[in-house]
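Take a look at the model before reading on.

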Amino acid sequence: MANKSTAIDLSVAIDASPETVWRILTDPERLSAWMEGEVTFEARTGSPFRAAFPNYRIVLAGEVVTLDVQARRLGVTWGVESGEGEDKMPAGSTLVEFLVRPDGAGCWVDLRHSGLSSGEEVHQQEGGWRFQLSKLDLKANRIDLAAGLERTLPDWIAAWNEQDAEARLAALHRCCAEDVTFRDDWTGLTGIGLLSMHIANCHMYMPGYSLEHTGDVRICRGEALVGWRTSGPGGPMKGFNHIRADPDGTIRRVTGFTAA
């Protein structure tokens with residue numbers, strides 16, 4: 001076993017389901033997108049593993065040595081087949097291990113990179129892995145939250161267009177946390193009940209308006225910018241909502257902005 005001076009141990013929280021993270025780690029196309037390279041392997045032990053990064057003129061190579069679907073554990077021998085660092089960390093000379101652990105709606109990823117040649121190599125590789133794991137959090141959350149918001153945003157719009165109080169509350173309960181926070185130019189409130197009351201007041205004082213999303217959704221680490229527009233007697237308005245949501249799309253905070 002490698003001693004502390006020749007190994008890296010990192011644990012990072014990922015705001016996405018363990019199933020999504022595991023799919024990224026074990027699917028060559030998704031892994032390629034995460035690492036921004038050209039990764040080829042089969043999801044089985046004994047499979048050759050190769051990752052080419054043309055922009056950096058480096059190719060990594062090794063072999064899948066562990067693939068435990070039930071435990072979500074992946075191990076790959078790792079090293080430089082061609083390019084910078086080939087002399088210090090040749091192909092297959094080190095071991096990279098991933099373990100995905102569930103944690104509520106999200107998960108933790110434990111990474112161990114062992115067999116490194118020196119403290120200097122540990123320092124260099126650790127910086128790279130911290131960057132890559134941060135990108136894994138970003139990409140996994142985007143996958144889950146995009147699917148979650150596709151489910152909940154229609155109910156959010158339906159609630160704002162609904163004049164029946166009971167139906168409006170039902171729509172809000174389908175898309176929001178009970179203690180959802182909402183803020184815009186006209187109000188700042190917390191809770192589904194107060195949000196429903198605010199929407200009712202909008203219908204009372206701005207009759208004839210309807211709301212729709214523009215289809216412009218941008219996601220970054222559990223937060224989204226969602227474009228909207230209204231139509232009504234006083235003419236159209238447009239803007240965007242800054243939304244904080246769980247990976248399953250449950251809306252927790254919305255700040256509404258109106259375009260100038």
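The largest cavity has a volume of about 70 Å³. A cavity is a set of points, on a 1 Å grid over the protein atoms alone, where a 1.4 Å probe fits but cannot get out. Grid points are joined across faces, edges and corners, and a volume is the space filled by probe spheres set on the points. This is a predicted model: local features need pLDDT of at least 70, side-chain atom pairs count only at pLDDT 80 or more, and totals for chains, interfaces and linings use all residues. Residues are numbered from 1 along each chain as its sequence is written, and side-chain values use heavy atoms, without hydrogens and water.

**Cavity**
- The count is 1 cavity of 30 Å³ or more.
- Lining residues have an atom within 4 Å of a point; for the largest cavity they include W34, F49, W78, F98 and W129.
- Helix 2 (28-35), strand 5 (73-78) and strand 7 (94-103) each give two or more residues to this lining. Helices (H or I, at least four residues) and strands (E, at least two) are DSSP runs, numbered from the N terminus.
- The lining of the largest cavity has 11 nonpolar residues, no polar and no charged.

**Pockets**
- A pocket is an open set of grid points with protein on both sides within 12 Å along at least five of seven lines.
- The largest pocket holds about 740 Å³. Of its 20 lining residues, I58, L60, Q124, Q125 and G128 are the closest to its centre.
- Helix 3 gives the most to the lining of the largest pocket, 8 residues.
- The lining of the largest pocket splits into 10 nonpolar, 5 polar and 5 charged residues.
- The second largest pocket has about 470 Å³. W160, W186, C202, T230 and M237 lie nearest its centre, among 23 lining residues.

**Cysteines**
- The structure holds 0 disulfides (cysteine sulfur pairs within 2.5 Å).
- C202 is in no disulfide; the nearest cysteine sulfur, in C176, is 14 Å away.
- The sulfur of C220 is 17 Å from the closest cysteine sulfur, in C107, too far for a bond.

Conventions. Ala, Val, Leu, Ile, Met, Phe, Trp, Tyr, Cys and Pro count as nonpolar, Asp, Glu, Lys and Arg as charged, and the others, Gly among them, as polar.
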